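User: Could you walk me through this structure, please?

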Amino acid sequence: MRRKLAAGNWKMNGTGPALAQLEALAKAHPDPSVDILVCPPATLIDRAARILRDTPIAIGGQDCHAETTGAHTGDISAEMLRDAGATAVILGHSERRADHGETNETVRIKARAALQAGLVTIICVGESLSEREAANTLDIIAGQLSGSIPDLVTGEQLVIAYEPIWAIGTGKVPDTNEIGEVHGFIRTRLERRFGTGVGRSVRLLYGGSVKASNAAEIFAVPDVDGALVGGASLKADDFSPIVEALESA
Ligand code: PEP
């Protein structure tokens, strides 16, 4: 049985005062029936983890380096995330693939480091609008899955987020059949590569313009085990109804 996951990605948003949103979120969900994860900017991880220490809400990073230590100015290792209080990390987000030229290979070696450090590892995949319009979505997803996921994974630690690039921050969302098609495809590919035991226990998140008004419909799609939420995770009042929709799904 996969435990559902509501994950928030704050991206490059938030300074100290934003931590009040985490306090509000924790207050609203003292005993959630789903996992809740917030990934703030790296500068807030340590403070966020302290604030949430005695709550069920977990904190994650938005990226990590593939190496444990070394001459990599500005980078953060998976161990450093753990040390700061993170228990998860998002890898291969389309913004990192676009802004930092991250390839499937880059994501795979980062994921290997994150898994070794014991972090829940959320690997993002998703097609561009032109790829969808050219009917290449499943081929693109297949390539990202085989290239970005390391060979040694456990179903509990690995999470895949399907995030169509054209749906991120745009208010556009694929219809539920389209989401279901891709999630079903991802599940089949995982089962084929890792066996049914692991393949069935990996959680699959949908991401891209999820908000309170569309969450319930998306969470009703088979093989959607939760969401990776950007803009609507910044305020507890926006994220909380999404968590509640997932609890009722
Ligand atoms: C994201 O960036 O992971 C995301 C899903 O953003 P938004 O919810 O704002 O579309």
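Analyst: What follows is a short talk about a predicted model, taking a pair of helices and then the ligand.

User: How do the axes of α1 and α11 cross?

Analyst: The axes of helix α1, residues 19-28, and helix α11, residues 236-248, come within 9 Å and cross at roughly 30°, and the crossing in which α1 passes α11 is right-handed.

User: And which residues in α1 and α11 meet?

Analyst: From α1 there are Gln21, Ala24, Leu25 and Ala28, and these meet Ala236, Phe239 and Ser240 in α11. The residues of this contact between α1 and α11 divide into 5 nonpolar and 2 polar, with no charged ones.

User: Switching to the ligand, which residues come nearest?

Analyst: There are 14 residues around the ligand, and of these Lys11, His93, Glu163, Gly169 and Ser209 come nearest.

User: What does Lys11 do there, in terms of atoms?

Analyst: One of the polar side-chain atoms of Lys11 lies 2.5 Å from an oxygen atom of the ligand. With the backbone, a polar atom of Gly230 is 2.8 Å from a ligand oxygen, while for a polar backbone atom of Gly231 the distance to an oxygen atom of the ligand is 2.9 Å.

User: How much of the ligand's accessible area does the protein cover?

Analyst: On its own the ligand has 290 Å² of accessible area, and the protein covers 95% of that.

Key. Residues are numbered from 1 along each chain as its sequence is written. This is a predicted model: local features need pLDDT of at least 70, side-chain atom pairs count only at pLDDT 80 or more; totals for chains, interfaces and linings use all residues. Side-chain values use heavy atoms; hydrogens and water are left out. Axes are lines fitted to C-alpha atoms, for helices over the stretch in contact, and angles run from 0 to 180 degrees between N-to-C directions. Helices (H or I, at least four residues) and strands (E, at least two) are DSSP runs, numbered from the N terminus. A crossing is left-handed if the near helix is turned anticlockwise from the far one by less than a right angle, and right-handed if clockwise. Contact means heavy atoms within 4.5 Å. Ala, Val, Leu, Ile, Met, Phe, Trp, Tyr, Cys and Pro count as nonpolar, Asp, Glu, Lys and Arg as charged, and the others, Gly among them, as polar. A residue is near a molecule or strand if one of its heavy atoms lies within 4 Å of it. A polar contact is a pair of N or O atoms within 3.5 Å; within protein, one must be able to donate a hydrogen and the other to accept it, and residues adjacent in sequence count only if both atoms are side-chain atoms. Accessible areas come from the Shrake-Rupley method with a 1.4 Å probe; for residues, only the protein chains shown count as cover.
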